[in-house]
Amino acid sequence: MSAIRTASAALLATGAVGAALAFGATSTAAAPATGPQQPVTSFGFAITPATVAPGGQVTLSVSGCDASFATASSGVFDTVSIPRGQSVRVTVDRDARRGAVYSVTFTCNNENGSADLTIAGGSTSRPTTSSTTVSRGVRGGVGGSIAGMDPGEIAAGAGLFIAAGLGTAYVVRRRAAARRH
């Protein structure tokens with residue numbers, strides 16, 4: 001019986017040591033995250049402002065690039081060349097998704113660096129209402145008929161209208177002719 005206790009104690013001890021080593025290896029391997037790390041480049045770059053509304057403008061600049069020009073590209077504006085020692089203004093596409101973050105890639109001498117450009121979201125504030133409510137009645141109008149006029153639908157509707165008019169004229173003439181005989 002004591003041999004079984006000794007063997008089980010040895011197994012437990014081995015398991016505890018193994019668990020401690022595994023935990024130690026895991027805890028040293030998992031360093032605390034401090035956010036996304038950008039690769040270090042031999043040149044500097046900036047986007048000003050870092051947050052912009054769709055259709056707005058940002059200034060792109062590169063420093064420390066020994067080439068005659070650098071480039072900047074993103075999914076929300078055309079690729080631009082930035083002359084050495086200067087900056088350029090670009091207009092963000094009007095259809096950029098609000099609240100999205102787009103990556104801007106700067107290139108100098110075949111070396112790339114990137115920065116994030118945030119598209120400003122919509123207004124989250126809601127209008128306040130007073131305690132007195134004013135009734136304005138029903139808002140009448142053209143409804144949904146004006147939005148999205150399709151030329152094919154307009155032509156089909158006009159064709160049906162003309163066919164109905166011609167059909168009515170045909171029936172009226174036939175009846176008039178039948179009465180004369």
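# Briefing on a predicted protein chain

Phe161, Ile162 and Leu166 make a nonpolar surface patch of about 380 Å². Patches consist of residues with over 30% relative accessible area and no salt bridge, with like charges joined within 9 Å and nonpolar side chains (Val, Leu, Ile, Met, Phe, Trp, Tyr) within 5 Å. A salt bridge is a side-chain nitrogen of Lys or Arg within 4 Å of a carboxyl oxygen of Asp or Glu. The model is predicted: local features need pLDDT of at least 70 and side-chain atom pairs count only at pLDDT 80 or more, while totals for chains, interfaces and linings use all residues. Residues are numbered from 1 along each chain as its sequence is written, and side-chain values use heavy atoms, with hydrogens and water left out.

**Overall architecture**

- The protein chain has two helices and eight strands; helices (H or I, at least four residues) and strands (E, at least two) are DSSP runs, numbered from the N terminus.
- Read from the N terminus, the order of the elements is α-β-β-β-β-β-β-β-β-α.
- Of the 181 residues in the protein chain, 17% are buried; buried means under 20% relative accessible area, exposed over 50%, and partly exposed in between (1.4 Å probe, protein chains only).
- The protein chain has an accessible surface of about 13800 Å², and carbon and sulfur atoms hold 59% of this surface. Accessible areas come from the Shrake-Rupley method with a 1.4 Å probe, and for residues only the protein chains shown count as cover.
- Among contacts with a separation of 6 or more in the protein chain, 51% come from residues 24 or more positions apart; a contact means heavy atoms within 4.5 Å.

- Leu166 belongs to helix H2 (residues 151–180).
- Leu166 counts as exposed because its relative accessibility is 58%.

**The disulfide**

- The count of disulfides comes to one, a disulfide being a pair of cysteine sulfur atoms within 2.5 Å.
- Cys65 and Cys108 form this link, with their sulfur atoms 2.0 Å apart.
- The link of Cys65 and Cys108 is right-handed, with 95° about the S-S bond.
- Cys65 lies in the loop between strand S3 (57–63) and strand S4 (69–74) and Cys108 in strand S7, so the pair ties together parts that are 43 residues apart in sequence.
- Both ends are buried: Cys65 has a relative accessibility of 10%, and Cys108 has a relative accessible area of 4%.

- Thr41 is located in the loop between helix H1 (2–29) and S1.
- Thr41 is buried, since its relative accessible area is 18%.
- The side chain of Thr41 reaches the backbone oxygen of Phe43 at 2.5 Å.
- Apart from neighbours within four places in sequence, Thr41 is in contact with Glu111, Asn112 and Gly113.

**Backbone features in loops**

- A cis peptide bond runs from Thr48 to Pro49, with omega near -10°.
- Pro49 sits in the loop between strand S1 (44–48) and strand S2 (51–52).
- Asn109 is a residue other than glycine with a positive phi, near 50°, and it lies in the loop between strand S7 (101–108) and strand S8 (111–119).
- Asn110, also in the loop between S7 and S8, has a positive phi of about 60° although it is not a glycine.
- Asn109 counts as partly exposed at 49% relative accessibility, whereas Asn110 is exposed, with a relative accessible area of 79%.

Notes
A polar contact is a pair of N or O atoms within 3.5 Å; within protein, one must be able to donate a hydrogen and the other to accept it, and residues adjacent in sequence count only if both atoms are side-chain atoms.
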